[in-house]
Amino acid sequence: MSQSEQVAAGSEPKLILAQFQSADGDRTGPPLSLPADITAEQLSILINKFLENEETHPYSFYVDEKEVVSTIQKDIIEGGQRSAEETLVIVYRPQAFFKVRAVTRCSSSLTGHTEAVLSVSFSPDGSQLASGSGDTTVRIWDLNTETPRFTCKGHKNWVLSIAWSPDGKVLASGSMDNTIRLWDPQTGKEIGSPLNGHRKWITSLAWEPTHINPKANRLASSSKDGTVRVWDTKLRRCIFTLAGHTAAVTCVKWGGDGRIYTSSQDKTIKIWNADGSLYKTLSGHAHWVNTLAFSTDYVLRTGAYDHTGAEPAGEADARTKALKRYNEAKGKGPERLVSGSDDFTMFLWDPLNSSKPIARLTGHQKVVNHVSFSPDGRLIASASFDNSVKLWDGKTGKFIASLRGHVAAVYQVCWSADSRMLLSASKDSTLKVWDLRTKKLKLELPGHADEVFTVDWSPGGDRVASGGKDRVLKIWKH
Amino acid sequence: MPQNEYIEESIRRHGRRLDHDERKRKKEARKVHKDAAFAQKVHGLKAKLYNKKRHAEKIQMKKTIKMHDEKNAKQKTDDVVPEGAVPAYLLDREGQQRAKVLSNMLKQKRKEKAGKWNVPLPKVRGIAEDEMFKVVKTGKSKSKSWKRMVTKPTFVGDGFTRKPPKYERFIRPMALRYKKANVTHPELKATFQLPIIGVKKNPQSPMYTQLGVLTKGTIIEVNVAELGLVTTGGKVLWGKYAQITNSPENDGCINALLLV
């Protein structure tokens, strides 16, 4: 339509010089002369031709970090004050093949827990769901019929964290009673006796990623007592203890490089080699470090399972598959780490190459409680007690947008598998779905009667589970 | 009358008599018998006073004994699961959290089901019109008496403008107007001074409701925005009902209990 206007005004449609470039900085194709009113869809046809893709891949396009949503004329030249004379570098980024549909309705409210639900988690292949609660039980739910399947009793105090093993065959739960218990999700029975050792409660659990150890027998647990223990779940003993933090350890992550990353209330992040020796200490935060996230978190979690839902043939197969997915997700750059803290800031680290942060992400006005990388590693979302969710660039740490809408502290954020949507759980008893393209609120999901403590989007993207203080586990679907 | 502290002075100078401690012990030991004899003998008002004192003493004694028993008994806390579970990321923040967390919506809901008008003060004393209103004589020779002055505290909204004297049937004196109430949250046992939004119902009569009269038992709406309560839909609650529990006309302030 703008074209017809221009023609009516007696001028030719404007031409621009453009150069395609991949996200890693490689140039693709020759510089082109394109009409200024070319749309994102037309650009994507062009780029598919240049890359000689057999199938048509979806792409998103950026000029100077600004996304082309409608046409170049509208978004870049008029919006960004770029002249039409110089060469525009159009950065293309592949998007997920599949699209996750936004969850819109509550398909069931599962009652059963007699205290607040403290953690929910889908298994890596998305076929199983478990929840841990303040009533000392772990419950495993049947996702097909959306009914309770097993109630795992054993803990003597609140179950604070649960974690599925990467092969989905074992569920670990850490509790306020200082123990870790392992459960068989097929029978709901406890495997062996509890893993004792910690002197205070368990704050977080992490399994070793599949592509390093497909046997899925090593588990790291962090505790309030300031130590991290690594357990062999088959031999049922503690392999080694990582003691070095001088205050409670808040979060433990097992990185894709095989090292263990821990954040602590002593203001530091420590990196440990797989044999238990200290590799590096990252300091910079001025207060407790609350949370860690990797740019590869999504593939580390899902391991060998991708969106096609194919089961790996064996351990070796799982390993190669997981390794391939990990390398794809990592891309050319190194694995990045982001840490959120009580000093209201986050740091973006390149932990293997430097002890200095890449960027300091400032902007929140209260404690940052949770950070999360998008599955494609391009964006960071942070949940803060200042009622907002903020979006940051995953590579540079630059601020992108602030998502406002919650009226109380935001506890957790959670990405859809295709990185096109974000879900946030808040103290104000709602879940909110945010659209990443428009950076606006897409949907609001009221329904919980009280604070929502935990939320998880299944890796396949078909459902969301949330639990909170009202003791109900809710499953949300499209 | 004794001058100065001569007894203490003497003790300081010469010490106590040698059998002081023994005498003291014996006196203590005999005291119970003496008290018992006195309790039997005493009558009249003295008996009443004495028994009251003795009763209070006994209660105190029993409490102390019980406290000692509890202290000595072995506690079985290991298998008791504390209520109010919170996720790991909130565990160390409990101090900050609990001070402001008020929204136990679940309890609120349950109460709502029990009866919406289950208020703390179900019955109030009736107030007659001639207690509520004072007749104001008007007219050149003060022969007309259609005008009334409200003699109780009132709430008058912000936008209210008085009518011209000719049409103003009810006068609400400036000195008896209130804008704030001391509202107690029953579950938190904490009191906040909150602005009044309006008078929901005065149980005396609908006319008093209309006039905004604040008497004991009146349901008022207060602004609870600063308490940070949230609805199930995730919106901030700002108006909530409270019932007046004191007699504002006697006390000069308004104390109310939040209805949750």
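**Notebook: a predicted two-chain model**

I located Tyr6(B) in helix α1 (residues 6-14) of chain B; helices (H or I, at least four residues) and strands (E, at least two) are DSSP runs, numbered from the N terminus. I noted that this is a predicted model, in which local features need pLDDT of at least 70 and side-chain atom pairs count only at pLDDT 80 or more, while totals for chains, interfaces and linings use all residues. Residues are numbered from 1 along each chain as written, chains are lettered from A and ligands numbered from 1 in written order, and side-chain values use heavy atoms, without hydrogens and water.

**Entry on the sheet**

I traced an open sheet of 4 strands in chain A, in the order β14-β15-β16-β17, with antiparallel pairing. β14 (202-207) and β17 (237-243) stand at the edges with a single partner strand each, so one side of each lacks a neighbour in the sheet. Neighbouring strands are turned by 20 degrees against each other on average, direction ignored (axes are lines fitted to C-alpha atoms; angles run from 0 to 180 degrees between N-to-C directions).

I then examined β15 (residues 218-223) and β16 (residues 227-232) of chain A, which pair over 5 bridges in the antiparallel sense; pairing requires at least two DSSP bridges. Ala220(A) stands opposite Val230(A) in β16(A).

**Entry on Leu422(A)**

I found Leu422(A) in strand β31 (residues 421-426) of chain A. Is Leu422(A) buried or exposed? Leu422(A) is buried, with a relative accessible area of 0% (buried means under 20%, exposed over 50%, partly exposed in between, with a 1.4 Å probe and protein chains only). Leu422(A) and Asp435(A) are 13 residues apart in sequence and 6.7 Å apart in space, C-alpha to C-alpha.
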